[in-house]
Amino acid sequence: MLAITVLLLNRKRLSAKALADRFEVSTKTIYRDIEALSLAGIPIVTHQGTTGGFEIMEQFTISRQFLALDELLSMLAAVQGIRTAFDDQSISNLLEKVKTMLQPTERELLEQGGAPLTFDFNPWGQSASARARVQALRTAIGERRTVTFRYTNLEGTGTERTVEPIGLILKGYLWYLHAYCTLRGEFRVFRLSRVQELRVTEERFEPRPAPALDSYSWQPEWSESGASEVVLTFRPEVRDRVEDTFPTEQAERLPDGSIRIRGSYPANEWFYGWMLSFGDKVIIDEPAFMARELRERAKKIIAQYAEL
């Protein structure tokens, strides 16, 4: 019955059949539970007809007593994590409101034992300017103002962009901007570490229908660079780094302890710089053109120090 209450609070109107299917019971059981909830003081309204169903009166909210301590601590950790990313008084106020839901004894346990779960959305090593970009974009999104910046793609090519920002994304340890790009005439995702000369303009925009981010995966055209099937062999000395970097399904452990990686990667500055960071601990087995390019780059590095 508590689950029914939570569903109705979050999803507005639900039919008896939808609830019965959700909990794998009969509609008769649902009607009996709804009646019990009404007798318990939950203000449930019943609507008849094809679009009918049950819903809870708009002003009703669930009280603290329905939240277990573990659930409340998870909420607290999430809000604290958001505060690490944004310098916003409203987030601090929200954190204080969530804390008031803790009982005195629960606060003492938290202070003595430390937080069981911590979210920190401010990546280690992130500069103050990076955080300022995030805050400026958050303001632009809230005020529906266009933003201009210079964007550098994976090939090192820079273009001037004017965009209509709609959302910020923290993926892993990197920030991205989801926005409508007037240059490309479509929605794009921009990596903030490649954004320079950011400026929030006075021009306002009307939001366009935007695709939900969870409706599609990373699109190759966002990086404006093709990809090739690559086979890499890493020596055992860098095994930990390789296992932390590459997906498990791409890795094959060889008898001598080396790791072979098979995946699709772009032949660009990012890839070659990444490979050079492994020094002599990696070999590009395929494709041959990537191996030759890495060799030429290594030769140029050696040439720079020829007189030492």
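Is Arg144 buried, partly exposed or exposed? With a relative accessible area of 42%, Arg144 is partly exposed, where buried means under 20% relative accessible area, exposed over 50%, and partly exposed in between (1.4 Å probe, protein chains only).

This is a predicted model, in which local features need pLDDT of at least 70, side-chain atom pairs count only at pLDDT 80 or more, and totals for chains, interfaces and linings use all residues. Residues are numbered from 1 along each chain as its sequence is written, and side-chain values use heavy atoms, with hydrogens and water left out.

1. Surroundings of Arg144. Arg144 sits in the loop between α7 (128-143) and β3 (145-152). Helices (H or I, at least four residues) and strands (E, at least two) are DSSP runs, numbered from the N terminus. Leaving aside neighbours within four places in sequence, Arg144 is in contact (heavy atoms within 4.5 Å) with Glu203, Arg204, Phe205, Glu206 and Pro207. The C-alpha atoms of Arg144 and Ile166 are separated by 8.0 Å, and the two residues are 22 apart along the chain.

2. The five-stranded sheet. Five strands form an open sheet in the order β6-β5-β4-β3-β7, with antiparallel pairing; two strands pair if DSSP finds at least two bridges between them. The edges are held by β6 (186-191) and β7 (195-204), each with a single partner strand, so one side of each is left without a neighbour in the sheet. Neighbouring strands of this sheet are turned by 45° against each other on average, direction ignored. Axes are lines fitted to C-alpha atoms, for helices over the stretch in contact, and angles run from 0 to 180 degrees between N-to-C directions. Eight bridges pair β4 with strand β5 (residues 174-181) in the antiparallel sense, and Leu170 has Trp175 as its bridge partner in β5.

3. Glu164. This residue is in strand β4 (residues 158-171). Glu164 counts as buried because its relative accessibility is 9%. A polar contact of 2.8 Å joins the side chains of Glu164 and Arg208. A polar contact is a pair of N or O atoms within 3.5 Å; within protein, one must be able to donate a hydrogen and the other to accept it, and residues adjacent in sequence count only if both atoms are side-chain atoms. Not counting residues up to four places away in sequence, Glu164 touches Thr146, Ala179, Tyr180, Phe205, Glu206 and Arg208.

4. The four-stranded sheet. A second open sheet has the order β9-β10-β8-β11, again with antiparallel pairing. Its edge strands are β9 (251-253) and β11 (282-286), each with a single partner strand, so one side of each is left without a neighbour in the sheet. On average, neighbouring strands here are turned by 25° against each other, direction ignored. Strand β8 (residues 228-234) is joined to strand β10 (residues 259-265) by seven bridges, and the two run antiparallel. Thr233 has Arg260 as its bridge partner in β10.

5. Helices on that sheet. Helix α9 (residues 269-276) packs on the sheet and touches β8, β10 and β11; its direction makes about 10° with that of β8. Helix α10 (residues 288-304) also packs on the sheet, touching β8, β10 and β11, and its direction makes about 145° with that of β11.

6. Details of α9. Phe271, Tyr272, Trp274 and Met275 are buried in α9. Seen down the axis of α9, these buried residues fall within an arc of 160°, so they line one face of the helix; the arc is that of the directions from the helix axis to the C-beta atoms. Their cover includes β8, α8 (239-245), β10, β11 and α10. At the N-terminal end, Asn268 caps α9, with a side-chain oxygen 2.9 Å from the backbone nitrogen of Phe271.

7. Helix α3. The buried residues of α3 are Thr29, Ile30, Asp33, Ile34 and Leu37. Down the axis of α3 they fall within an arc of 135°, so they line one face of the helix. Lys28, Glu35 and Leu39 are exposed on the other side of α3. Gly41 follows α3 and has a positive phi, near 105°.

8. The β1-β2 hairpin. Strand β1 (residues 44-47) and strand β2 (residues 53-56) run antiparallel and are joined by four bridges. Val45 has Glu55 as its bridge partner in β2. Five residues lie between the two strands of this hairpin, and Gly49 in the turn has a positive phi of about 100°.
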